[in-house]
2 protein chains.
Amino acid sequence: MNSGAQHPDGPAQPLRSDAERNRERIIAAARTVFARDGLSASMASVAREAGVGIATMFRRFPTKEELVDAVFSDRMDAYADAVTVALEDPDPWNGFVGYIEAACAMQAADSGFADVLTMTFPTAKALEQRRNEAYQAMVRLIDRAKATGRLRQDFDPSDLVLIHMANAGVVNATGDAAPDAWRRVVALFIQSLEAPARGPLPASPGHEPLYKAMLRAGQGTTTPPGKSS
Amino acid sequence: MNSGAQHPDGPAQPLRSDAERNRERIIAAARTVFARDGLSASMASVAREAGVGIATMFRRFPTKEELVDAVFSDRMDAYADAVTVALEDPDPWNGFVGYIEAACAMQAADSGFADVLTMTFPTAKALEQRRNEAYQAMVRLIDRAKATGRLRQDFDPSDLVLIHMANAGVVNATGDAAPDAWRRVVALFIQSLEAPARGPLPASPGHEPLYKAMLRAGQGTTTPPGKSS
DNA sequence: TATCAATCGGATTGGCCTATCCAGTTTGGT
DNA sequence: ACCAAACTGGATAGGCCAATCCGATTGATA
């Protein structure tokens, strides 16, 4: 993708050439492994795939969140781009529907990204900033679709998160045994969003509880799955 | 619940009294732990909760599937009962809707059961038999609802599995941070199922691929999460 | 080319998991 | 009250994981 640019935020000291090469090898490997196994993949498995030692892994990315940040911030750009494209559609409802389909397709194509869309990682700054940008654009997209009357009025931006959670459930459960199952589920969802509403909905959980939920989920994936009684 | 009945299928030799006591302690503990942590909870954590040794655990339930079978076959009865109740509703659509809500509520109330509904365990005979009974009744419920014209004609029994997968995604992701979020998602789903359909749907994945998917998911939970490169 | 600091990666530690083994304890019939 | 069979649970083996340490290696500079 972007071969010229380094990782954006000031590399106080440029890495030595071999270090930079390994860094990119690690990111490429993580892209592959996370796409296949989701964010629960181990750091060690990424190192193995990259052909570098475990220590190199941890020296460059001391926490998994930093690796996730480096790997998915540009995929989050693509996500934000999808909103922009949708906003350019002359038919707001078409744009809205196309956006949901595109976003869910991205989830289906990359298990790691499916996880990213339903979790939040406060320390992954680049990632979270892009997520917020995408969110702002998304709110405009929703308002536009509501204004035309095709999108039900009680739709809430946080409903998109719920859709992503539901879609992640389908994608995770079906995997490559039924790789297109999500399309049917998403199609049902979209039809339920079209105005006129066929009935009232239970109240939206609201932003803040959903944020807490995404935080909680993220911590589960980043930390070993151990429990204490 | 049922205090009189033993585990149904012929206990060739009745267990010694202390063994039987431990067996029930284990099942009770598993009910608690699975409900809290889902089926990914470890056998060891169940043993700890039950206050028995690890060996006792494995002697009574050599595989996790046997434990799952013992714990959830009666919950699957309740699931099947919900279909029966729904079939008695004079309004088939009401019955259908009520059934989906009840089933999803059971998922929300018990993480373990949420997993059970989206996975299959071929060796868990009691569980799978009850699942099939429920499935047969469910097909009748669907046909009845379609006959009245309130349920869209292209609804497929396997769509219920997809709904459960989606709901499991929401329930897992939100947990107790947004414990009612699933209600909104399910309400949207139901509204999309009401006739007249607002548009065609992508083809159903069909029974067999979905079964494969459920199998795959089950194995992931039963076996350690290790991977090979 | 010579030097040295940055970097590399294998070995290791400590934790949790599944699963098995075996010496000590409990049960129930006599 | 006695004893054999059934049962118990800690110890243990083997595997995967996150994370750290340190001797060997390599890149950049003079």
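Why does Ala86(A) count as buried? Because Ala86(A) has 25 C-beta neighbours inside 10 Å; the cut-off for buried is 20 or more other C-beta atoms within 10 Å of a residue's own, with exposed meaning 12 or fewer, partly exposed anything in between, and C-beta atoms placed from the backbone.

## Before going on

This is a predicted model, where local features need pLDDT of at least 70, side-chain atom pairs count only at pLDDT 80 or more, and totals for chains, interfaces and linings use all residues. Residues are numbered from 1 along each chain as its sequence is written, while chains are lettered from A and ligands numbered from 1 in the order in which they are written.

## Around Ala86(A)

Ala86(A) sits in helix 4 (residues 64–88) of chain A; helices here are DSSP runs of H or I with at least four residues, numbered from the N terminus. Setting aside neighbours within four places in sequence, Ala86(A) is in contact with Gly95(A), Phe96(A), Gly98(A), Tyr99(A) and Leu141(A) (contact means C-beta atoms, placed from the backbone, within 7 Å). Ala29(A) is 57 residues away from Ala86(A) in sequence, and 31 Å away in space, C-alpha to C-alpha.

## How the two chains meet

Between the chains, 42 residues of chain A are in contact with 42 residues of chain B. On the chain A side, helix 2 (43–50), helix 8 (157–174), helix 9 (181–193) and helix 10 (207–222) each give two or more residues.

Helix 8 of chain A is mostly covered, with 16 of its 18 residues buried.

## The side near DNA strand C

There are 26 residues around DNA strand C, and Gly53(A), Ala55(A), Ser17(B), Ser42(B) and Ala55(B) come nearest (near means a C-beta atom, placed from the backbone, within 6 Å of the strand). Helix 3 of chain A gives the largest share of this surface, four residues.

Methods:
Contact = placed C-beta atoms within 7 Å.
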